[in-house]
Amino acid sequence: MIATPTRKPSWLRAKLPGGLGYAATGGIIDDSSLHTVCQSARCPNLGECWSRGTATVMILGDICTRSCNFCAIATGRPIELDLGEPARVADAVAKMNLKHCVITSVARDELADGGASVWAATIRAIRYRCPNTAIEVLTPDFKGNTAHVDIVLDAKPDIFNHNVETVERLQKPVRVQARYHRSRSVLRHAKSRGFTTKTGIMLGVGEEQSEIEQTLRDIASDRTDILTIGQYLQPTKKHLPVSRWATPEEFAHWKIFGLSVGLGVVESGPLVRSSYHADEQSQKYTDAEHLKSKSA
């Protein structure tokens with residue numbers, strides 16, 4: 001794979017951190033002793049999102065048992081399980097006054113249930129403390145164990161998100177321990193239980209145009225509701241190099257194509273991430289009328 005020059009194109013300029021909103025969000029996170037994927041994954045949108053008063057909380061610690069070659073989150077063997085975390089997450093969501101919250105986690109493959117019980121406790125704590133907040137979860141694949149996925153689903157999140165990240169051919173070099181068909185099976189399982197499902201992919205890790213097209217067709221065939229497409233950014237020199245900078249015009253093309261093959265919502269752009277403006281991405285599936293029809 002040949003890397004492009006390190007200089008980013010003009011369309012990848014993100015808002016710098018700063019301002020009262022940014023400081024307030026950071027204060028809530030620090031006071032609650034929580035981790036965020038914004039910081040751990042070096043998200044380019046941290047400045048904008050925190051300034052808007054939103055952050056994606058990362059539960060189950062900040063050490064991941066997997067070693068994906070695109071991700072900046074630390075890899076290792078976690079040494080503890082924080083059972084007080086769900087209540088602190090709910091408290092932070094309440095303090096940020098979020099209408100739509102996104103919770104994610106590291107992979108905890110060393111735990112018997114992959115951390116599913118902590119996921120469920122976190123969802124229930126948020127629901128109890130913030131009954132009017134839509135809850136979106138971005139989970140690991142739980143090694144494809146549907147019993148563990150069901151523990152999360154039984155807590156009734158509003159949106160179930162699990163990212164396939166890239167095309168089938170590149171799964172091993174990009175995600176290492178994950179599998180394309182396993183991720184798809186997890187999403188299909190959540191859909192079979194009636195949940196709104198969401199996934200995301202990156203461009204710029206060596207994929208071919210025909211492979212992107214096939215991936216979008218696969219995702220649509222799984223009846224996935226929401227898809228996000230963004231540009232991969234190399235977090236450190238130790239990670240995969242960027243193979244190319246996809247243009248805004250290409251992202252616009254994939255949005256049109258995704259909608260044409262049956263996806264309900266496609267958010268596609270250089271700086272798009274799973275949780276970036278997630279409230280807007282998911283509004284179609286979290287408005288009052290939609291939720292009322294689901295519970296009827």
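1. A residue is called buried when its relative accessible area is under 20%, exposed when that area is over 50%, and partly exposed in between, with a 1.4 Å probe and protein chains only. By this rule aspartate 154, at 40% relative accessibility, is partly exposed, and arginine 193, with a relative accessible area of 33%, is partly exposed as well.

2. On provenance, this is a predicted model, in which local features need pLDDT of at least 70 and side-chain atom pairs count only at pLDDT 80 or more, whereas totals for chains, interfaces and linings use all residues. Residues are numbered from 1 along each chain as its sequence is written, and side-chain values use heavy atoms, with hydrogens and water left out.

3. The protein chain has 13 helices and 10 strands, these being DSSP runs numbered from the N terminus (helices H or I with at least four residues, strands E with at least two). Of the 296 residues in the protein chain, 54% are buried. Where contact means heavy atoms within 4.5 Å, residues 24 or more positions apart account for 74% of the contacts in the protein chain with a separation of 6 or more.

4. The structure holds 19 salt bridges, a salt bridge being a side-chain nitrogen of Lys or Arg within 4 Å of a carboxyl oxygen of Asp or Glu. One of them pairs aspartate 154 with arginine 193, with the closest N and O atoms 2.8 Å apart. This pair links distant parts of the chain, 39 residues apart: aspartate 154 is in the loop between helix 6 and strand 7 (159-161), and arginine 193 is in the loop between helix 8 and strand 8 (196-203).

5. Arginine 66 forms a salt bridge with aspartate 141, and here the closest N and O atoms are 2.8 Å apart. The partners are 75 residues apart, arginine 66 being in the loop between strand 3 (63-64) and strand 4 (74-75) and aspartate 141 in the loop between strand 6 (134-138) and helix 6. Both arginine 66 and aspartate 141 are buried.

6. Arginine 188 forms a salt bridge with aspartate 222, the closest N and O atoms being 3.1 Å apart. Because arginine 188 lies in helix 8 and aspartate 222 in the loop between helix 9 (209-221) and strand 9 (226-231), the pair ties together parts that are 34 residues apart in sequence. Arginine 188 is partly exposed, with a relative accessible area of 37%, whereas aspartate 222 is buried, with a relative accessible area of 6%.

7. Helix 6 (residues 146-153) packs with helix 8 (residues 180-192) at an angle of about 45 degrees, and their axes are 11 Å apart. The contact involves Thr146, Val149, Asp150 and Leu153 of helix 6, together with Val186, His189 and Ala190 of helix 8. Axes are lines fitted to C-alpha atoms, for helices over the stretch in contact, and angles run from 0 to 180 degrees between N-to-C directions.

8. Leucine 111 is placed in the loop between strand 5 (100-105) and helix 5 (116-129). Apart from its neighbours within four places in sequence, leucine 111 is in contact with Leu60 and Leu81. Leucine 111 and leucine 81 are 30 residues apart in sequence and 9.4 Å apart in space, C-alpha to C-alpha.
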